[in-house]
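This report goes through a sheet, a disulfide and several salt bridges. Please look at the sequence and the structure before reading on.

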Amino acid sequence: MKSTSSLSLIAGTVALAAVTGFAVLTAPGDGDTAEAATAARLPVERSTLLCPAPGLSELSETTYTSFTPAGDGAGEAGAAELTPTTTSEITDDGDGEGDKKDEKDKKKDDKKKDDKKADAGKPVVALKEPGKPAVAEESGADTPALVGTATGRLAPGWTAQQTTMVEAGEGRGLLGVSCTVPDTDFWFPAASTAKSRQDYVHLTNPDDTAAVADIELYGPEGSLKSEVGEGITVPARSSVPVLISTLTSEAVDDVTVHVTTRTGRVGAVVRAADDKTGSDWLAASTAPTGTLVMPGIPDDATSVRLVAFAPGDDDADLKVKLLGKTGAITPAGNDGLHVKSQMTASLDLKDLTKGEPGSLLLTPEKGGKGTPIVAALRVVRGSGDKQEVAYIPATGPVGARGTVADNRSEGSVLSLTAPGAAATVKVTASAGSGGGEKVVKKYTVKGSTTLAVVPSAPSGLKGGYALTVETESGGPVHAARTLTVTQGGIKMFTVQTLPDDGGTVEVPEAVQDLSVLRD
């Protein structure tokens, strides 16, 4: 018979798995010994995703692609739907214009709000089956943020991609983002409060109660003091964009944004727009750690800027290496970076790829685990008035499996990076959203290299498709997908990383008959 302490521990483990999607149980034994309960990995039964409001201009065209890999889920068929948030309150830019609308404009706004409430329960995109993407399109500046939940066989590995094209004008570019899992802590290096930038933090709340968030900003000299970023209320099932330059009086080129919640949870992502290079989404860096990988730098990059931040009390001294086609090289004159504690550091790497695709690796100068850091790259292609920007945050390895949606008949490049030992991965191009048969290929990635491939599209492709990468053997692999669409002679592009999709969780045998969630 289990002791009371063992039963309490099991109950606590069940609760942890339900909230976080991960739990490992260690049961107390006799005396000073401890017995680890047998654990297994089971598919999650629920997943939640949040897509930010893409509203940029009336010229914007947004494509949503929802996808779950085939083969993992069990039990009921389930559902996976993305629905509009009920409200989308835009933070005023501080010029007071928000209070000067005439009665006619206010009536138009009231009608739009009523229309949004009427549409709030209607799914924008609904996935019907694993292995085949579902696609929907929206247009205009009033497109709201989306909140979605997947259950049953559609939950394990569920992913959604939001891709917006703005051909001209303010905020032009190809803006792509993998819709985010809600959390309580996010880091965004490579943001800016410079006058040439318009960077918004989008906070989206999936739950039925309000969340309260804090936004901290850090520049090269440390914290950018402001009380305006404290206690931001995000109403239930709503999205709030915050222009970060209104949170401080300092105009700083390289800023690290830290988003935390006091109560509740949110999805967070930064929409970065530059007067000269256009705009794209900046996703959060992986959690602070001593070694970081940023995969998928295009071969024709004309400017690469590294931005890093050390959130703890210790400085970080880093080695900088480019993992290219044939191996690791040290960028000339940029072999290292010193990051002071709680200060943002940057490094101009210029056109370091020089015609060969690559990935950036940051490691501790003296080896070992090193000081935990976060980092991201700002990457520019083109020159003059034909420049286009994208962002690559540091990302975790693919692990068991990672997926990216919204691949098209042309324009996708998959970058696979093995920072340590060589590895073999399986890449599956799914069936198309409108038809076609999946294609499976295997690739071997040599240690300390980056392998960039144009994926084989599904045979008979109609519509878009998803790419799923699975690690089969060897060391860890980091991956990213670059999507390029040429408009008016400009190579508009966006880069999405493929970390482990969290499609399974480790659950002790004692509680394997209970539901587990990835929420």
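Which residue is the bridge partner of Leu-306 in strand 27? The partner is Leu-347. The model is a predicted one.

## An open sheet

Strand 23, residues 301-309, is joined to strand 27 by six bridges, and the two strands run antiparallel. They belong to an open sheet of four strands, ordered 27-23-29-30, with antiparallel pairing. Strand 27 (344-350) and strand 30 (388-393) are the edges of this sheet; each has a single partner strand, so one side of each lacks a neighbour in the sheet. From one strand to the next, the twist averages 20 degrees.

## The disulfide

A disulfide is a covalent bond between the sulfur atoms of two cysteines. One disulfide is found in a search of the whole structure. It is formed by Cys-51 and Cys-179, whose sulfur atoms are 2.1 Å apart. The link of Cys-51 and Cys-179 is right-handed, with 105 degrees about the S-S bond. Cys-51 is in strand 4 (residues 46-51), while Cys-179 is in the loop between strand 12 (173-178) and strand 13 (185-191), so the pair ties together parts 128 residues apart in sequence.

Are these cysteines buried or exposed? Cys-51 has a relative accessible area of 0% and is buried. Cys-179 is buried too, with a relative accessible area of 7%.

## Salt bridges

Side chains of opposite charge can pair when their charged atoms come close. The whole structure holds 14 salt bridges. One of them joins the side chains of Arg-172 and Glu-388 at 3.0 Å, N to O. This pair links distant parts of the chain, 216 residues apart: Arg-172 is in the loop between strand 11 (159-166) and strand 12, and Glu-388 is in strand 30. Both Arg-172 and Glu-388 are buried.

In another salt bridge, the side chains of Asp-501 and Arg-401 meet at 2.5 Å, N to O. Asp-501 lies in the loop between strand 40 and strand 41 (504-508), and Arg-401 in the loop between strand 30 and strand 31 (402-407), 100 residues apart. Asp-501 and Arg-401 are buried.

## A salt-bridge network

Lys-491 forms a salt bridge with Asp-300, with 3.3 Å between the closest N and O atoms. Lys-491 is in strand 40 (residues 490-497) and Asp-300 in the loop between strand 22 (292-297) and strand 23, 191 residues apart. Lys-491 counts as partly exposed at 40% relative accessibility, and Asp-300 counts as partly exposed at 26%. Salt bridges that share partners join Asp-300, Arg-381 and Lys-491 into one network.

Technical notes
Residues numbered from 1 in each chain as written. Predicted model: local features only at pLDDT ≥ 70, side-chain atom pairs only at ≥ 80, totals over all residues. Heavy atoms only, no water. Pairing = 2+ DSSP bridges. Axes fitted to C-alpha atoms, helices over the stretch in contact; angles between N-to-C directions. Disulfide = S-S within 2.5 Å. Buried < 20%, exposed > 50% of the residue type's maximum accessible area, 1.4 Å probe, protein only. Salt bridge = Lys/Arg side-chain N within 4 Å of Asp/Glu carboxyl O.
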